[in-house]
Amino acid sequence: MTRQARPVMRIGVALAAAIVAVSGLAGCGKDDPEPGLSAPEDAGKGERVDIDAFVDLIEASFDQDASARVAFEVDGPSPLNGSGVVEYVDSGMNVDVKIADWQVKGGWIKLRTVGDTAYMSVPESGGLWVDIGAEDTDLAGTVMQDADPRGQTDLLREAITEVRFSGEDTVGDVPTRRYQVVAEPKVSATEGSDGVDVTEFWFDEAGRIVRRSNDLDTGGAQFTWLDWDAAVEIEPPPARQLITLDKLEQLRRQQGK
């Protein structure tokens, strides 16, 4: 393994963490919804909800130029947590998040994506930003395109087996409606586990997604969207602050890491 493998792997994990933060959607099993079910906003506590209408509600959250603050926490063998902002535009999904560094105690990884370009700043880069696409033009664009929740709603529509309204709730100080989503685990993140895959979703009074939470075999994951339509300005770092992966590796060697 080359010395550069470590920062490259770290970048891959950081990008995966960003996907967790700004997407939080996944497909599982498959079944056909039954006719005559309630729309999400009309369901009483414990009632089943029409799957197509529920996925429409998710899809509407990510309208063109929608923006929000995001936060996430993943428990397991490699815990991840972070927060930041996201905006959904024609060219893709722009992200500016800060992730707790699992390699440097007390350190943070900053990840910023603009269009199909991604940048990362780590403690050993000394405030400089690695231009991830400078040496692999497809890496950032492909990963972030896959992360965009707008590209996952068709999968969700086919994957979910049952949705039930769980009742009124609050997330922070935001009044919400809470739903339980059930799917078969055979092609889900919990592949190989017994039983079913259960995920919970919360929506605010305007019908925007606020939180998604599920338990996994190796822990659990929770994703939160707050302050929908908050003013967000995500721009590339200044050119004078950009370095390549090779330069990052040089800095790491100088620091004995």
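**Reading the predicted model**

Colleague: Among contacts in the chain between residues at least 6 apart in sequence, what percentage joins residues at least 24 apart?

Modeller: This is a predicted model, in which local features need pLDDT of at least 70 and side-chain atom pairs count only at pLDDT 80 or more, while totals for chains, interfaces and linings use all residues. Side-chain values use heavy atoms, with hydrogens and water left out, and residues are numbered from 1 along each chain as its sequence is written. Taking contact to mean heavy atoms within 4.5 Å, the share of those contacts that joins residues at least 24 apart is 57%.

Colleague: Where in the chain is the confidence lowest, and where is it highest?

Modeller: The pLDDT, which is the predictor's confidence in each residue from 0 to 100, has a mean of 77 over the chain, with 70% of the residues at 70 or more. Helices (H or I, at least four residues) and strands (E, at least two) are DSSP runs numbered from the N terminus, and among these elements the lowest mean, 54, belongs to helix H1 (residues 5-22), whereas the highest, 95, belongs to strand E7 (residues 162-171).

Colleague: How many contacts does the stretch of residues 186-193 have beyond near neighbours in sequence?

Modeller: The pLDDT is below 50 over residues 1-5, a stretch with eight contacts in the model beyond near neighbours in sequence. Where pLDDT is low, the predicted coordinates should not be read in detail. Residues 186-193 also have a pLDDT below 50, and the number of their contacts in the model, beyond near neighbours in sequence, is 16.

Colleague: Why do the buried residues of H2 line one face of the helix, and within what arc do they fall?

Modeller: In H2, the buried residues are Ile51, Phe54, Val55, Leu57, Ile58 and Ser61. They line one face because, seen down the axis of H2 and taking the directions from the helix axis to the C-beta atoms, they fall within an arc of 145°.

Colleague: Is Arg177 buried or exposed, and which side chain does it join through a polar contact of 3.3 Å?

Modeller: Arg177 lies in strand E8 (residues 174-183), and because its relative accessibility is 17%, Arg177 counts as buried. A polar contact is a pair of N or O atoms within 3.5 Å; within protein, one must be able to donate a hydrogen and the other to accept it, and residues adjacent in sequence count only if both atoms are side-chain atoms. A polar atom of the Arg177 side chain lies 3.1 Å from the backbone oxygen of Ala43. The polar contact of 3.3 Å joins the side chain of Arg177 to that of Glu168.

Colleague: What distance separates the C-alpha atoms of Ile160 and Ala183?

Modeller: Ile160 is placed in the loop between helix H4 (153-159) and E7, and at 3% relative accessibility it counts as buried. Although Ile160 and Ala183 are 23 residues apart along the chain, the separation of their C-alpha atoms is 5.1 Å.

Colleague: What is the phi of Asp229?

Modeller: Most residues other than glycine have a negative phi, and most peptide bonds are trans. Asp227, in the loop between strand E11 (219-226) and strand E12 (242-243), has a positive phi of about 55° although it is not a glycine, and it is partly exposed, at 44% relative accessible area. Asp229 is found in the loop between E11 and E12 and is exposed, with a relative accessible area of 52%. Although Asp229 is not a glycine, its phi is positive, at about 70°.

Notes: Buried < 20%, exposed > 50% of the residue type's maximum accessible area, 1.4 Å probe, protein only.
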